[in-house]
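Biologist: I would like to learn how to read this model feature by feature. Where do we begin?

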Amino acid sequence: MCGVIGYTGRRQAGPMLVSGLRRLEYRGYDSAGIAAHTADGIAVRKLAGRVGGLQGLLEREPLAGTSGIAHTRWATHGAPIAVNAHPHTDCTGRIALVHNGIIENADALRELLQRDGHTFSTQTDTETLTHLIERAEGDNLEARVVAALEHVVGTYGIAVISADEPGKIVVARQGSPLLLGIGDGEYFVASDASAIVEQTRSVVYLDDGDIAVLTPDRYHVMDRDAHVQLREVDDVTWDLAAIELNGYAHFMQKEILEQPETVRSTLRGRLMFEEGCARLNGLNLTLADCADVRRLTIVACGTSWHSGLVGRHIIESLAGIPVTVEYASEYRYGPQLRQPGTLTVAISQSGETADTLEAMRAARAAGSRVIGIVNVVGSTIAREADGGIYLHAGPEIGVASTKAFTSQIVALALLGLYLSESRGLALERRQDFAWRLAQLPALVARALALEPDIRVLAQSLVGQGAGNALYLGRGVNFPVALEGALKLKEISYLHAEGYPAAEMKHGPIALIDEAMPVVFVAPHDEVYPKVLSNMEEVRARGGKIIAITTEGNGDVRRLAEHQLRVPATAPLLSPILTVIPLQLLAYHIAVLRGCDVDRPRNLAKSVTVE
Ligand code: AGP
């Protein structure tokens with residue numbers, strides 16, 4: 001998922017575009033490039049690799065101009081090499097374009113355009129757009145862009161400039177996020193607010209089908225028929241510090257260690273202790289609506305899917321409503337059964353994940369009410385859902401999701417508590433659960449105090465050259481085993497699998513020997529005795545056991561080489577604590593292996609294409 005940015009105004013565009021691109025780099029970092037209106041027409045600078053490399057190139061070959069566009073790439077079509085880097089130009093070099101998304105009919109368009117005599121210089125789907133615009137009729141750039149897009153099937157967030165209209169940037173959105181930044185005599189376009197918040201906090205979120213035209217003195221938004229569309233100007237609520245490292249070595253480290261505050265922020269103003277219920281005003285779900293809910297379908301991807309699995313346990317236990325948790329990418333192409341009384345919950349940190357967005361749209365088309373549990377304010381899922389719960393966890397920059405996971409579980413627990421009120425759950429139980437939630441920030445801080453022990457454990461595992469790992473858990477902590485394995489995989493590039501502890505006997509146990517670290521997520525809860533037996537089975541095969549368990553629990557000492565004890569809490573909430581050591585373990589192993597923790601290879605923070 002690429003990062004797109006553009007600027008037109010009175011200041012030099014280069015420096016602002018490059019600093020904005022740095023903030024978008026978590027969206028993709030295969031190549032970077034910039035194009036600007038200069039005295040000699042349009043000039044382009046691009047290369048494979050990081051934005052830092054582009055900065056160096058611009059120091060060697062400066063670009064003077066007060067309007068331009070820039071891009072950081074996550075390669076989909078065409079290898080991550082310099083020639084495929086954006087911006088792309090047409091045959092004349094008078095049109096330049098940057099794009100986030102996928103042009104699904106690119107092959108057919110390429111054939112058509114080549115037959116028309118256009119010469120292609122890249123392997124990308126995007127280049128078809130520059131030639132389509134070059135070929136299109138129209139009095140001005142926006143008219144030609146609209147005409148060109150008539151032929152396009154796919155998703156895009158694009159910004160286009162032409163040498164014929166210096167200072168003008170034309171923007172179009174279909175399926176990929178884009179917003180405008182409104183400054184004083186200057187305007188921006190960007191994939192998300194982090195790229196421009198240093199310059200302005202006034203933003204306009206574009207909708208699918210929007211075309212925007214930016215010039216140094218004004219901007220307007222219109223539809224494909226050139227009818228002006230009025231769009232609200234919103235204010236970005238978080239400040240620059242939220243997207244600065246502030247002395248931490250990595251954003252992932254910062255985001256792990258700020259979880260006592262982010263959990264507190266997700267709870268803020270949402271617990272009513274006397275009444276034993278949650279206040280969730282943004283949900284747009286009255287108690288009567290809750291009473292009509294017969295089933296819940298959770299749709300999500302990756303870490304968000306793991307939090308959904310924990311949410312199922314909480315909501316079924318508190319509210320007695322059956323919950324299914326679907327991989328959004330599978331759900332959206334599955335049979336959409338019309339089942340009255342279905343509430344669909346789309347969980348997404350970014351609020352832009354294409355599969356989750358489309359799964360939510362498919363559920364709505366099948367008659368379901370849809371709510372979003374989202375972190376990014378103003379994101380597409382948040383704006384399209386019937387209601388929702390914002391995490392208020394602040395921007396999450398590290399590609400590996402951490403604080404969003406714990407806040408998602410807190411939000412799901414609040415939803416469970418909210419629904420339980422209409423399901424007759426006893427007041428005492430609801431009050432107790434509300435109190436347990438309120439204690440979490442302090443308990444998370446205590447779990448984080450394990451970091452020194454975890455750093456030592458990471459050193460010994462890396463020292464032993466462990467190349468694989470197995471993560472096992474039961475019940476509400478099985479998803480934590482999945483999450484622990486995912487964290488290790490995505491940032492340290494070590495292979496790891498998460499499994500229900502009992503399921504281990506049906507195959508994975510064959511993998512166990514002295515070299516296989518086996519991480520057990522084993523808090524003291526109702527399934528704990530069963531987990532102990534699974535530990536015995538692993539121990540019998542010589543497996544090296546690392547146990548995440550509850551403070552005061554001595555049992556595991558005789559079975560596990562390493563024990564990490566987290567504070568006790570309500571069993572349904574224990575994943576918020578048991579995951580902390582696993583986040584830290586993955587982080588320290590990745591650091592020790594010299595991996596780029598915040599920008600792991602082949603990954604991007606928000607997957608806005610299929
Ligand atoms: C998690 O660390 C990954 N970055 C990834 O699995 C992520 O959870 C997934 O892409 C879903 O993203 P979302 O929550 O923004 O929708």
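Modeller: This is a predicted model. Asn-284 is partly exposed, with a relative accessible area of 43%.

Biologist: Which cut-offs put a residue in that class?

Modeller: Under 20% is buried, over 50% is exposed, and partly exposed is in between. The 43% of Asn-284 therefore makes it partly exposed.

Biologist: Where is Asn-284 in the chain?

Modeller: Asn-284 is in the loop between β16 (277–278) and α8 (287–292). Its backbone deserves a look too. Phi is positive, about 55°, although Asn-284 is not a glycine.

Biologist: What is the phi of Tyr-493?

Modeller: Tyr-493 has a phi near 60°, again positive in a residue other than glycine. This residue is in the loop between α16 and β23 (495–500). Tyr-493 counts as partly exposed because its relative accessibility is 26%.

Biologist: Now the peptide bonds. What is the general idea?

Modeller: Most peptide bonds are trans. Here is the case to inspect: His-86 and Pro-87 are joined by a cis peptide bond, with omega about 5°. Pro-87 is in the loop between β4 and β5 (88–89).

Biologist: Is Thr-72 buried or exposed?

Modeller: Thr-72 counts as buried, because its relative accessibility is 0%. Next, look at its surroundings. Beyond its neighbours within four places in sequence, Thr-72 is in contact with several residues, including Cys-2, Leu-21, Tyr-29 and Val-51. Gly-28 is also among its contacts. A polar atom of the Thr-72 side chain lies 2.6 Å from the backbone oxygen of Gly-28.

Biologist: Which residues of α5 are buried?

Modeller: They are Leu-141, Glu-142, Arg-144, Val-145, Val-146, Ala-148 and Leu-149.

Biologist: What about Gly-554 and Arg-565?

Modeller: They are eleven residues apart in sequence, and their C-alpha atoms are 9.6 Å apart. Gly-554 lies in the loop between β25 (544–550) and β26 (562–566). Gly-554 counts as partly exposed, at 29% relative accessibility.

Biologist: Which helix holds Gln-259?

Modeller: Gln-259 is in helix α7 (residues 259–267). Gln-259 is buried, with a relative accessible area of 0%. Beyond residues up to four places away in sequence, the residues Gln-259 touches include Thr-402, Val-444 and Ile-580.

Biologist: Last, the ligand. Where does the ligand sit?

Modeller: The ligand sits in the second largest pocket. Start with the shell. 14 residues surround the ligand, and the closest are Ser-304, Ser-348, Gln-349, Thr-353 and Glu-490.

Biologist: Which elements supply at least two residues of the shell?

Modeller: α9 (302–319) and α16 (478–492) each do. The largest share, three residues, comes from α9.

Biologist: Which polar atoms lie by the ligand?

Modeller: Take backbone and side chain in turn. A backbone N or O atom of Val-399 lies 2.8 Å from a ligand nitrogen. A polar backbone atom of Ser-401 is 2.7 Å from an oxygen atom of the ligand. An N or O atom in the side chain of Glu-490 is 2.6 Å from an oxygen atom of the ligand.

Biologist: How much of the ligand does the protein cover?

Modeller: On its own, the ligand has 410 Å² of accessible area, and the protein covers 91% of that.

Definitions and conventions: Residues are numbered from 1 along each chain as its sequence is written. This is a predicted model: local features need pLDDT of at least 70, side-chain atom pairs count only at pLDDT 80 or more; totals for chains, interfaces and linings use all residues. Side-chain values use heavy atoms; hydrogens and water are left out. Buried means under 20% relative accessible area, exposed over 50%, partly exposed in between (1.4 Å probe, protein chains only). Helices (H or I, at least four residues) and strands (E, at least two) are DSSP runs, numbered from the N terminus. A polar contact is a pair of N or O atoms within 3.5 Å; within protein, one must be able to donate a hydrogen and the other to accept it, and residues adjacent in sequence count only if both atoms are side-chain atoms. Contact means heavy atoms within 4.5 Å. A residue is near a molecule or strand if one of its heavy atoms lies within 4 Å of it. Accessible areas come from the Shrake-Rupley method with a 1.4 Å probe; for residues, only the protein chains shown count as cover. On a 1 Å grid over the protein atoms alone, a cavity is a set of points where a 1.4 Å probe fits but cannot get out, and a pocket is an open set with protein on both sides within 12 Å along at least five of seven lines; lining residues have an atom within 4 Å of a point. A molecule sits in a cavity or pocket if more than half of its atoms lie within 2 Å of its grid points.
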